[in-house]
Amino acid sequence: MKPQISPSVLSADFSKLGEQIASVAGNGGEVLHLDVMDGHYVPNLTFGPLLVKAMRKMTDMILEAHLMISDPDQYIENFVKAGADIVLVHPSTCASVRDTLRNIKSLGAKAGLVVNPGEKLSIVAPYLAEMDQLLIMSVVPGFGGQSFMPEVLNDLPELRPSLQKNNVLVEIDGGINQSTIGLVLDKGINRFVAGSAVFNKDASPGVNFNTLQTLAATGK
Ligand code: DX5
Ligand code: ZN
């Protein structure tokens with residue numbers, strides 16, 4: 001598959017969210033990354049299913065919900081009913097990782113696991129057959145605009161063959177911008193989350209998206 005940029009609305013201007021999403025979609029954006037934070041698992045608060053439902057009405061783009069919340073099992077059904085196409089959870093927040101993945105899939109969404117900096121990528125190894133997606137955090141989750149941590153990719157080569165064998169899409173999240181995206185190309189990563197590099201004052205979200213998409217596709 002061709003590399004995809006997945007803009008994170010965390011850095012969007014929510015007073016004109018529809019317009020900002022349309023700007024990305026109008027430039028070929030296919031996926032939107034929704035950072036859900038509960039002020040408990042991470043020290044920041046964002047939004048819940050209510051806003052996912054509103055965004056579902058704004059766009060046909062694929063909506064991926066990155067749940068940075070304690071006890072995600074309690075809310076997964078609400079997020080899928082609100083329109084999330086993909087649900088990504090942190091293993092340490094699940095009572096049973098396998099049950100959570102199965103639950104997401106039984107609701108008709110795609111399921112993925114998220115690995116934080118400092119956690120080994122191999123923690124997802126037992127679940128590869130049940131995962132659609134792996135999200136590698138390249139910043140400590142909680143805030144947009146942090147610096148990319150290259151060391152999170154150290155153990156990717158080791159896991160890469162089993163990821164490929166199980167058809168698991170690999171995504172990276174945090175600190176991806178025009179200067180850092182070159183560091184993560186050609187490493188088996190399919191999707192690149194970008195928040196502050198897409199939603200900023202330099203240019204429209206669509207233009208920023210396009211610049212990153214071109215860099216991801218061509219390396220220049
Ligand atoms: C961090 C979030 C990221 C964040 C990325 O907790 O998971 O998705 O929005 O923002 P940037 O691209 O600004 O690092
Ligand atoms: Zn995220």
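What spacing do the donors of the zinc ion (ligand 2) follow along the chain? In this predicted model, local features need pLDDT of at least 70, side-chain atom pairs count only at pLDDT 80 or more, and totals for chains, interfaces and linings use all residues. Residues are numbered from 1 along each chain as its sequence is written, chains are lettered from A and ligands numbered from 1 in the order in which they are written, and side-chain values use heavy atoms, with hydrogens and water left out.

The spacing is H-x1-D-x30-H-x106-D. The protein donors of the zinc ion (ligand 2) are H33 (NE2), D35 (OD), H66 (ND1) and D173 (OD), at 2.1 to 2.3 Å from the ion. Donors are N, O and S atoms within 2.8 Å of the metal (3.2 Å for Na, K and Ca); water is not among the atoms, so sites may look incomplete. The arrangement is octahedral because the six donor atoms subtend angles of 68 to 166°; for six donors, this class requires opposite donors over 155 degrees apart and all others between 65 and 115.

D35 and D173 are both buried, that is, under 20% relative accessible area, whereas exposed means over 50% and partly exposed lies in between (1.4 Å probe, protein chains only).

Most residues other than glycine have a negative phi. For D71, phi is near 55°, and this residue counts as partly exposed because its relative accessibility is 37%. For D186, phi is about 60°; at 77% relative accessibility, D186 counts as exposed.

Definitions and conventions: Tetrahedral: all angles 85-135°; square planar, octahedral: opposite > 155°, others 65-115°.
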